[in-house]
Each structure stands twice: as structure tokens, then as C-alpha cells.
Amino acid sequence: MFQQYLNEPMVLDADQASVLTLTLPSDISDFIVLQAMSAPLLELIVVLDSVRPKIAIRFQPLLELTLNSALSPNSQFGETFPRTIGQGIRLYSRMGTAPKFCADELRSGVSLKLDLSHGLSLALQSTSKFELISLEADLRILYEPRVLLMAKAILARQYDYTISSEALAVHMAEIEQVRAELHTFLRGELGQCHERLAQEAVKLEPLLLKKCQWMFRIYTNMHERPNYGRSSNDADNVDKSLRKLECYELLASPELIEMVKRLTEDEA
């Protein structure tokens, strides 16, 4: 399972590192996170339960994994997962989390602590946008189709429309990707066999389209020019010039104002 997403496993002594940190390299675009979120980012399995347990680790090749022997003094970790031989965990993004937030956290590093004080246990940093799911409790593939879950999560998400244009482009790409998956789902055998799911997909698609259109309108407003004779960042100067013109009209004599009007009419 997930062979097409994860790299070849590497086996380590669990006591070689107390913290595993998964990082998105700086030269990788945020757009790649859209693809990464469709599968677990990391999978860890205990392969030998002895005095020195060994763990097999696989992760997505676009990410980097670093091993640290000491904890940072400011590190805080959440719920622990005790693991024995044959058991493991997977690291997923939390359902409904915007890819931009996941990318930001990955760039700073997602840390996973290994504790050997009472057997082997694992814990994820407490403020993470990701979550650990044990292998025996991983039911994500058994829920209703993932594309429907993602469509509902996007519709329920509150976006910050004051963010940068690049971040908006990532959000729009995510919506378009889910819309394309909905179309594929409706054309496929699964959509034909399950009438209720197909009807739900038909209802979700136009809602996603409306949300994307609204976001695209805000995106284009960031780059629109108020006038093609001026630069796109000249809107403030236009208002200032209009106020100056009104002041000149108040101070000028009626004869001068009339002469200026005649000159501008002749130019037109």
C-alpha cells in the first residue's frame, strides 16, 4: 500500500535519534503539497522488538528527513503512541487543512519524538497541522470517497482573502484539482454504482466553482490597473491628484477655469 508515494524503507536503531524531523526543501514549490496531501507523508513500523528496537521508515521523496539526538528545550509534544513489533504509524495532514498552512509548517519542520523510557512510543509536536494515525486504526481509505471529503472541507474552510497572490493561486489550484477529481468520480464506475454519492458530487461541484470564481475575482483585482495609462500601483496617486485639482479650482478665478475647459475641449 502507498508504494507509489513513499520511497524505499530505511531501517534504524530506535535509539539513534530521539527526534525525526520532516522538512520541505526551500527549492520545492508550495504547489507540490497539493499532491503530497493525497497520501501519508511518512510511515514508520517497528521491525524488531528487543533491547534495541529497530524501526523501518518510509516517507515521500520530495521531503527531507533529519535525525536529531537531543530534544529542543522549547519542544512540546502531544499524545503518545506506544508501539511494539509489527506495529507502526502514518503521518497525515489533518483533514480540511489548507495546503498553504501545511507547506508553511513543513518548511519549518514537522518533528516526531521517539521515547524509549517504557518501550517504544511516538509523539508529534502538539501544535502541528498534521496528525499521527496508527496502522491498525488507519481507516481513511474506508471512509466515504476522499474527493467528497475534500470538497466538503474546502467549502467549510474560512479563507483569508488578504493573503498574497501566490497563496491565493495555491488555494485556487487546490479547488480546481478537487473539481477535476469530482468529474472523474462521476464518470467512473463508482459514481455510477452509488447513486447517493453521485448526487452529492453533482451538488458539490457548482459550489466549488462559485468559490473558485470569487477567489479568482479577488486574485485579478490584485493585478488590475485602474487605467492602462498608469501603472497598477498608481491608484493612490490618482485620488491625491483629484483632490489637488479640486483645490486648484477653488483658488482659481472663473476666467481661468473657463479657459482651461476650452483648452481641454479643443484637445478632445
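Author: Start with a scale. Buried means under 20% relative accessible area, exposed means over 50%, and partly exposed lies in between (1.4 Å probe, protein chains only).

Two ground rules come next. This is a predicted model, in which local features need pLDDT of at least 70 and side-chain atom pairs count only at pLDDT 80 or more, while totals for chains, interfaces and linings use all residues. Residues are numbered from 1 along each chain as its sequence is written, and side-chain values use heavy atoms, with hydrogens and water left out.

Now the pairs. Side chains of opposite charge can pair when their charged atoms come close. A salt bridge here is a Lys or Arg side-chain nitrogen within 4 Å of a carboxyl oxygen of Asp or Glu. Searching the whole structure turns up nine salt bridges. Let us visit three of them.

Begin with R83 and E136. They form a salt bridge, and their closest N and O atoms are 2.9 Å apart. R83 sits in strand β6 (residues 77-83), while E136 sits in the loop between β10 (130-134) and α3 (146-156), so the pair ties together parts that are 53 residues apart in sequence. These labels are DSSP runs numbered from the N terminus: helices are H or I with at least four residues, strands are E with at least two. How covered is R83? R83 counts as buried, because its relative accessibility is 9%.

Move on to R90 and D138. This salt bridge brings the closest N and O atoms to 2.6 Å. R90 belongs to strand β7 (residues 88-93), and D138 lies in the loop between β10 and α3, so parts 48 residues apart in sequence are tied together. R90 and D138 are both buried.

How does their cover compare with the scale? E176 has a relative accessible area of 36%, so it is partly exposed. R179 has 12%, so it is buried.

Some pairs share partners. Salt bridges of that kind join E43, R58, R90 and D138 into one network. Here R90 and D138 return, the pair with a closest N to O distance of 2.6 Å.

M172 counts as buried, because its relative accessibility is 10%. Where does Y219 come in? The C-alpha atoms of M172 and Y219 are separated by 9.5 Å, and the two residues are 47 apart along the chain.

Now helix α2 (residues 99-108). Its buried residues include the charged K100 and E105. P99, C102, A103 and L106 of this helix are buried as well. Just after α2 comes G109, with a positive phi of about 110°.

Finally, go back to V260. V260 lies in helix α8 (residues 254-267). Together with L256, M259 and L263, V260 makes a nonpolar surface patch of about 340 Å². Patch residues have over 30% relative accessible area and no salt bridge; nonpolar side chains (Val, Leu, Ile, Met, Phe, Trp, Tyr) are joined within 5 Å, like charges within 9 Å. The areas come from the Shrake-Rupley method with a 1.4 Å probe, and only the protein chains shown count as cover for residues.
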